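Please look over the chain below with this note at hand.

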Amino acid sequence: MEPRETDFNILLATDSYKVTHYKQYPPNTSKVYSYFECREKRTDPSKSRKVKYDKTVFYGLQYILHKYLKGKVVTPEKIQEAKEVYREHFQDDVFNEKGWTYILEKYNGHLPIEIKAVPEGSVIPRGNVLFTVESTDPECYWLTNWVETILVQIWYPVTVATNSREQKKILAKYLMETSGNLEGLEYKLHDFGYRGVSSQETAGIGASAHLVNFKGTDTVAGIGVIKKYYGTKDPVPGFSVPAAEHSTITAWGKDHEKDAFEHIIKQFPNVPVSIVSDSYDIYNACEKIWGEDLRPLIETRSADAPLVVRPDSGNPLDTVLKVLEILGKKFPVHENGKGFKVLPPYIRVIQGDGVDINTLQEIVEGMKQHMWSIENIAFGSGGALLQKLTRDLLNCSFKCSYVVTNGLGVSVCKLLCKTCDNTRNSKDCFVLCVCVCVCVVSQVNVFKDPVADPNKRSKKGRLSLHRTPSGDFVTLEEGKGDLEEYGVVSLEV
């Protein structure tokens, strides 16, 4: 039987070693404050990457909060389950049963933490704070970094959305240069990644992140994530078209490829239809079948319902250029206002094989050099769009930057003078005094600064993200935010 969503146990959703951390903080710790950022990567200029990813798209926190952290997430059953698992896992009683029971009894199982974040969809330069987390109950200081594990999984939607946006920037640049406008940009990169990801949940999260930038997707799971956790002004946030796959072509047999093409194209006369054309010989399909046998049928289609020819093998750039060359000889090509060649509006191409951010750049640059407008083509991307990514691409990091301890176990005995009502040293006071114990509160700006890797230096103290009058973002450390000087704080609850 499939597990229900309510079976999720936040007490088991952390790295093993965090289970023991409540015993490791300084004595009398009462608050732990941490933050998340995509660290700015300092690299050797001679080894610069093709894509620098200088800015990130913040997306996905709302999904994590609503699905995993909101509401009553601690129950007696979950405490008991965690206690039993960790007893065997560690072969010792290290689980903080008292702490979780406290949360259950005092907060009815709701987590006493506060999270502030930039608005989702924000485009923020690397190296700035994106969200902060702090415990709101002195007894639950350890909870801040317990939830690090699940919160840092935001690296995935942030990275997908960021990578998708960078590809949109490339497409926008070349579309503008070769056509003079951005018409159709939101449909130029289609999500083919459903089967290429590691799980159903990954598909939903990744596809929804891509839909921050584009409207084309075949990963239906992303639609559900957006509708449930974000909402959309449209009935659905992503769109697709009828399309053939190799099984629907090869089922007809090699000698009947033309019949397969003709049958499928007639089934969908009023919407765009994409037909994979490389089951046997993509070039013959373009020249003989599309360019001769079925040309009259294709010419009856409209700009709103074009045939979209899909090659699916070979070197991406070489294949695209050769397909365009063949189709350009078989169908009447015109030059647009920028002097680039455009196929008639009833036929287009989609390249969905081997497309990542680098090959995308190579293809559109190659098309431009051969005077083909980007109007002619759309792209599909699968594993490279949703799966071929890691947390290290944007250096996503969660670090503690501020801790409050009530004296670090130290109390200072002083004399309180009843006459002047000041705390004095006994030798300075000649009036009847009473000895009191004063607890020294220690507020520590925490940071790491590894000598072997300056890139991993973390920020200090309480943080705030501000927008300067010039529109730039700046993260202020150690609680030094000044609204008048730096403008409105961008972090929100």
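1. A crossing of two helices is called left-handed if the near helix is turned anticlockwise from the far one by less than a right angle, and right-handed if clockwise. This model is predicted, so local features need pLDDT of at least 70 and side-chain atom pairs count only at pLDDT 80 or more, whereas totals for chains, interfaces and linings use all residues. Residues are numbered from 1 along each chain as its sequence is written, and side-chain values use heavy atoms, with hydrogens and water left out.

2. The protein chain holds 16 helices and 19 strands, where helices (H or I, at least four residues) and strands (E, at least two) are DSSP runs numbered from the N terminus. Of its 493 residues, 48% count as buried; buried means under 20% relative accessible area, exposed over 50%, and partly exposed in between (1.4 Å probe, protein chains only). Its accessible surface comes to about 24,300 Å², with 51% belonging to carbon and sulfur atoms, as given by the Shrake-Rupley method with a 1.4 Å probe. Among contacts (heavy atoms within 4.5 Å) between residues at least 6 apart in sequence, 74% join residues at least 24 apart.

3. An open sheet of five strands, paired in parallel, runs in the order β6-β12-β11-β8-β7; two strands pair if DSSP finds at least two bridges between them. The edges are taken by β6 (189-191) and β7 (273-276), each of which has a single partner strand, so one side of each is left without a neighbour in the sheet. From one strand to the next, the twist averages 30°.

4. How many of the five residues of β11 are buried? Five of the five residues of β11 (residues 347-351) are buried, so this strand is largely enclosed by the rest of the structure. Both of its faces are covered, with Ile347, Val349 and Gln351 buried on one side and Arg348 and Ile350 buried on the other. β11 pairs in the parallel sense with β8 over three bridges, and also with β12 over three bridges. Val349 takes part in both pairings, being the bridge partner of Val309 and having Ile377 as its bridge partner in β12.

5. Helix α10 (residues 257-267) lies across β7 and β8 (307-310), running at about 165° to β7; axes are lines fitted to C-alpha atoms, for helices over the stretch in contact, and angles run from 0 to 180 degrees between N-to-C directions. The crossing of α10 past α11 is right-handed. Glu257, Lys258, Phe261 and Ile265 of α10 make this contact with Ala285, Ile289, Trp290 and Asp293 of α11.

6. Most residues other than glycine have a negative phi. Gln91, in the loop between α2 (76-90) and α3 (97-107), has a positive phi near 55°, and counts as exposed at 56% relative accessibility. Glu478, in the loop between β19 (473-476) and α16 (483-486), has a positive phi near 60°, and counts as partly exposed at 34% relative accessibility.
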